[in-house]
Amino acid sequence: MTPSERPVDTGEVRGGPLIITEDERLLDDLLRLCAAAGALPEVAHGLPARRGDWEAPPLVIVGADCAPRMRGAGRRAGVILTGRDADDPAVLRLAVALGAERVLALPEGERWLADRIADAVEGVGPPALTVGVIGGCGGAGASTLAGALAVTAARAGLRTLLVDGDPLGGGLDVLLGGEKEKGLRWPAFAESRGRVACGALAEALPRLHALRVLSWDRGSDVTIPPPAMRAVMAAARRRGGVVVVDLPRRVDAAVTEALAQVDMGLLLVPTELRAVAAAQRVAAGVQRALGDLRVVARGAPGRHGHGLPPHEIARLMELPLAGEVPWEAGLLADLSRGLPPGAQVRGPLARFGTAFWQRLTESGGGGSGPPSAAGPGPGGGAGRGSGPAAGAHGPAVAQAASRAGGRSGGRA
């Protein structure tokens with residue numbers, strides 16, 4: 001058991017792979033790797049007598065010593081051939097005969113195999129569509145937008161995880177009215193390293209408004225070590241569905257780790273010239289770690305159309321425009337009553353979030369790439385920006401959205 005798994009350990013041992021070998025040294029190594037993944041394997045010395053015993057396990061690991069006995073086995077996915085010499089031509093021929101997905105030498109391949117065992121046990125599918133939200137200036141409302149995106153994703157039936165990546169933001173659990181809800185907060189994961197079990201992570205977090213939330217407690221510890229951010233974000237993505245991350249404007253080492261696992265960034269910019277100037281500095285730091293960054297224009301109270309037009313903000317920022325969120329009157333009153341942002345189905349935040357996820361899903365489902373920066377943005381804002389097209393993460397965003405939309409069934 002690694003330190004990263006201790007805070008979220010459920011105490012449950014899950015079904016593991018089928019190991020076929022008579023090499024005691026190899027078997028000891030494989031059993032150790034299974035134990036690290038929390039998996040309980042079956043051990044055999046040859047082809048199982050019953051066909052179901054061969055086909056049912058999530059993974060089959062065959063030792064090179066027993067591989068010649070497996071010639072009668074039917075083809076199946078998830079077969080690994082392992083031994084001490086992965087370059088032996090005889091072993092490679094056996095791998096072809098078995099239809100093995102990989103030939104692996106130990107101990108060199110231990111790290112890869114440990115992750116492969118954990119993936120098989122967890123039933124990991126396509127990674128989550130991960131969206132980061134950053135405020136272009138102080139008070140832009142990035143946490144509110146992140147909360148609204150998570151609430152609308154969950155309402156659309158997507159398995160959703162909301163991550164509070166801003167230690168000084170006051171806590172997303174507070175924003176969602178769940179500061180007293182039981183569950184782990186960031187300090188419990190501060191020592192995480194390597195791999196965190198994705199299922200155990202989700203089950204350990206508070207469940208609010210049909211989604212899971214990783215937020216901060218009220219303690220004085222306000223740092224996320226970069227290895228912890230890397231491990232937790234990787235686990236969140238392996239869980240599938242949708243991950244929304246509220247990120248601070250200052251890009252430190254931990255934020256860089258988070259941005260490395262974000263598919264698309266939304267930079268929230270109020271429709272004021274001073275806000276644009278501040279957002280340009282924020283964007284310069286974010287773009288060093290994120291290829292796909294887009295602008296969301298945020299309307300201000302009392303502006304009534306007198307602020308900068310959204311397409312002008314996108315032109316000045318030289319970024320694609322994801323849309324506009326008009327000012328939502330009554331938002332503060334709703335939050336004080338315990339209603340999360342995006343709860344008002346006809347409100348600007350909910351309309352933006354609903355349209356945002358719909359566009360991503362439809363674009364991915366059609367196989368035509370990411371939502372275009374030239375089309376109308378979510379929430380009814382004009383979407384014509386003169387900035388560059390979507391960055392390197394764009395196609396992955398659309399494909400992940402399509403998979404997430406059809407798989408999650410709304411489970412938190």
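## Two buried phenylalanines

Phe352 and Phe356 are both buried (buried means under 20% relative accessible area, exposed over 50%, and partly exposed in between, with a 1.4 Å probe and protein chains only). Both lie in helix H13, residues 348-365. They sit four residues apart, about one turn of the helix. Helices (H or I, at least four residues) and strands (E, at least two) are DSSP runs, numbered from the N terminus.

This is a predicted model, in which local features need pLDDT of at least 70, side-chain atom pairs count only at pLDDT 80 or more, and totals for chains, interfaces and linings use all residues. Residues are numbered from 1 along each chain as its sequence is written, and side-chain values use heavy atoms, with hydrogens and water left out.

## Rings and a charge

The structure holds three aromatic pairs. Rings of Phe, Tyr and Trp (its six-membered ring) pair if their centres lie within 6.5 Å; planes under 30 degrees apart count as stacked, over 60 as edge-to-face and the rest as tilted. Phe352 and Phe356 form a stacked pair, 6.0 Å centre to centre with 15 degrees between the planes. Ring pairs link Phe352, Phe356 and Trp357 into a cluster.

Elsewhere, a charge meets a ring. The charged end of Arg102 sits over the ring of Trp112, 4.3 Å from its centre. Here "over" has a rule: NZ of Lys or CZ of Arg is within 6 Å of the ring centre and within 35 degrees of the ring normal.

## The nonpolar cores

A nonpolar core is a set of buried Ala, Val, Leu, Ile, Met, Phe, Trp, Tyr and Cys residues joined through side-chain atoms within 4.5 Å. Which residues touch the most other members of the largest core? They are Leu267 and Trp357, in a core of 81 residues. Helix H5 (residues 142-155) gives the most to this core: nine residues. Another core, of 18 residues, lies apart from it and includes Ile19, Leu33, Ala37 and Ile61.

Contact means heavy atoms within 4.5 Å. Beyond its neighbours within four places in sequence, Leu267 is in contact with residues including Ile134, Ala279, Val282, Leu293, Val296, Met317 and Leu319. Thr152 is in helix H5. Thr152 is buried, at a relative accessible area of 3%. Leaving aside neighbours within four places in sequence, its contacts are Gly342, Ala350, Gly353, Thr354 and Trp357.

## An open sheet

Eight strands form an open sheet with mixed pairing, in the order S8-S9-S7-S10-S6-S11-S12-S13. S8 and S13 (321-325) stand at the edges with a single partner strand each, so one side of each has no neighbour in the sheet. Two strands pair if DSSP finds at least two bridges between them. Strands of a sheet pair through backbone hydrogen bonds, either parallel or antiparallel.

S9 (residues 211-214) shows both kinds. Strand S7 (residues 160-164) runs parallel to S9 and joins it by three bridges. Strand S8 (residues 207-208) pairs with S9 in the antiparallel sense, over two bridges. Arg212 in S9 stands opposite Leu161, and Arg212 is also the bridge partner of Arg207. In a regular strand the side chains alternate between the two faces of the sheet. In S9, Leu211 and Val213 point one way, Arg212 and Leu214 point the other way, and all are buried.

Most residues other than glycine have a negative phi, and most peptide bonds are trans. S8 and S9 form a hairpin with two residues between them, and His209 in the turn has a positive phi of about 55 degrees. Ala210 is in the loop between S8 and S9, with phi near 70 degrees. Ala210 counts as partly exposed, at 29% relative accessibility. Glu318 also has a positive phi, about 55 degrees. Glu318 lies in the loop between helix H11 (310-317) and S13 and is exposed at 58% relative accessible area.

The peptide bond from Leu106 to Pro107 is cis, with omega near 10 degrees. Pro107 is in the loop between strand S5 (102-105) and helix H4 (110-122).

## Cysteines

How many disulfides does the structure hold? It holds zero (a disulfide is a pair of cysteine sulfur atoms within 2.5 Å). Cys34 is buried at 0% relative accessibility. Cys66 is buried too, with a relative accessible area of 0%.
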